Every structure is written in C-alpha cells, then in structure tokens.
Amino acid sequence: MTEHADRSEPEPAATPAGSAVTPADAADAARLVAFGLQPKLQPARDQEYTELLRRHREDPAFARLADAVAAGLGLVVLEVSPRAGMAVTAAEDSVFAVRMGDYARRTAADSQDRFLHGLAHLAVAALAFPRPEDLADDGYIGRVSVNGVDAFVRQACRRLEERAAEQGENTDPATDAPGLEAAWRIWVRRSATGATKDARRLAGSTTGIVGKAVAFLTDSGFLQRTGDDNGGTYRTTARYQLQVRDMAGGAAMAELLELGVVPVTDGTASLLPAEDTDDLDLVSDAGLPFHS
C-alpha cells in the first residue's frame, strides 16, 4: 500500500493554561506600576503591593507585562523587590521626567542658579554613597545633613580654586559658564545661611539650596528625615541607592569624588583633607537626578 503524505497544516501547539493575557492581568500590571510611582509607599505596609511584587517575582509572563507597561510610560525599571518595591526612574522623554528647570520653578528658585541646585543634588549623592562598595551593598544606609553637605561643597570649592590657581586659570569667569567650574565660583560667593530676622535661612543661601534639595528628595521617597541637628539630618532609602547607582557613571559625580574630600560620613561636617589628584576635565552635567 502506498503511503500518502499528509499535506494538511500542522495543528498549532496547545497554549499552556493560564498563559493568555487577560484584561485583569493588564490591570494588575498597571496597578503595580502605579504603586511604583508612589515613592513613599513601603511594600511591607500594603498587602496588595506585596502580593503584586510576589507575582512579579514568581510569574515571568506577568513580570514581562508589568515591565512593558512601565516601558510604555517611559519608565525604566531599576529593581522589583520587597525592599525597594517597583523602583522606576523616568527616561528622558517620559512625561514623568523631572527637569532642572521644572525643579527650579517648583522651588521658586532663580533659574540662573540651576547649577547650584544641580551641585547640591550631586553633593548629597556623593556624600551618601562615597565608595563604590557602598552603592553595591544593598544593606548600606547613607546619612547626610544639610550643614554637612554645604561644608563638603565648600571644601570641594576650595580644592577646585586651588587647582585653578595652580594652573593659572581665570579665577573669575562668567557666571553662566557651564558645569562645576562655574558652580563652585558662584557657591563660594553665597552666604552659607543668610538668616532672616526670625532666624530662618534664606532660600538663596547655600544651606537654603541644600535644604530644598533634601526636601525634594524626601518628598520623592529617596531620603527620610531623622532629626534636626546640623540643619536637618537624613538617611537614604533603597530607592535612592538604586537611583544613584543608575547614575553613578556620570562624569560630574566622578570628578567630585576624585577631588579627595568625600569621607565615609555619618552626615556631620567633618571632612577628609583634600588630596592631590590628577588633572580632570570639568564637565557640564551636574544635574543629578534630573534630565538636562
């Protein structure tokens, strides 16, 4: 008997049960992303958030769906874990991106001072995580204070000034020059406090600028206030560690760290003496954690 070839099309493979995406799955994925956009919300305090994080961890299809929802909103997923929740950061073209100009307007800051505000954020990150191993250690908690950050920046300014003098550079460039070169020259001209008659620090003083930076980071779930000493003391959160880890490769932060004045700190104003370093190119981007 002659065998006839079966010319019929092969039957499609059976779809594993439960693999089809349902509207309820999409809603849960979007809900998880929505939780991630509430930076102060701690997973341990919300049962639904905890359950969705567990599902993300144990169900690869659901994890891909949630990550896709985040990507569609212009968000980059940094980590999904019980400690950090669904930690996301906004891509440059995301509607959720915060730009330095927006931040300056939000804090009623003079737009001409954007470099000072960028330097304040950069200094907080550098003081909070002064060593690569601090960023790599999930259990590490950084501590900073307003006065400590200002003292650190002023010491960094002195180091930059010394280097400029040694190289015979112009010591009084235009105030709109970019990067740390301009920022440190403007910073040292400002009063540290400029207190008003009722002892409140002026918003345009350097501690006022640092105060705005840490207040913004606290509102964003990156820092937690721990006390009132030294102008206000703060501790870092897992979300902030992930944010700084994501941006730590920036040249501006590398330059600030390589000045040799960043200690392993508890947030006080005690700093390491400046050490000689190789010449470094000044950079224009000092806007952590903002997009330019």
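Analyst: A salt bridge here is a side-chain nitrogen of Lys or Arg within 4 Å of a carboxyl oxygen of Asp or Glu. D138 and R245 meet this way through their side chains, at 3.1 Å from N to O. D138 sits in the loop between α6 (132-136) and β3, and R245 sits in helix α10, so the pair ties together parts that are 107 residues apart in sequence. Helices (H or I, at least four residues) and strands (E, at least two) are DSSP runs, numbered from the N terminus.

The model is predicted: local features need pLDDT of at least 70, side-chain atom pairs count only at pLDDT 80 or more, and totals for chains, interfaces and linings use all residues. Residues are numbered from 1 along each chain as its sequence is written, and side-chain values use heavy atoms, with hydrogens and water left out.

Now the cover. Buried means under 20% relative accessible area, exposed over 50%, and partly exposed in between (1.4 Å probe, protein chains only). D138 is partly exposed, at 42%. R245 is partly exposed too, at 31%. Helix α10 (residues 238-247) is mostly covered, with seven of its ten residues buried. Those are A238, R239, Y240, Q241, L242, Q243 and V244.

Next, the strands. Two strands pair if DSSP finds at least two bridges between them. β3 (residues 143-145) pairs with β5 (residues 233-236) in the antiparallel sense, over three bridges. S145 has T233 as its bridge partner in β5. β5 also runs antiparallel to β4 (residues 223-227), joined by four bridges. There, L223 stands opposite T236. The hairpin of β4 and β5 has five residues between the strands, and N230 takes a positive phi near 55 degrees in it.

Other salt bridges give context. R131 forms one with E133, the closest N and O atoms being 3.9 Å apart. R131 is partly exposed at 33%, and E133 is partly exposed at 46%. R83 forms another with E79, with closest N and O atoms 3.1 Å apart. In that pair R83 is partly exposed at 32%, whereas E79 is buried at 18%. The whole structure holds 14 salt bridges.

Last, the chain as a whole. The protein chain has eleven helices and five strands. Buried residues make up 45% of its 292 residues.
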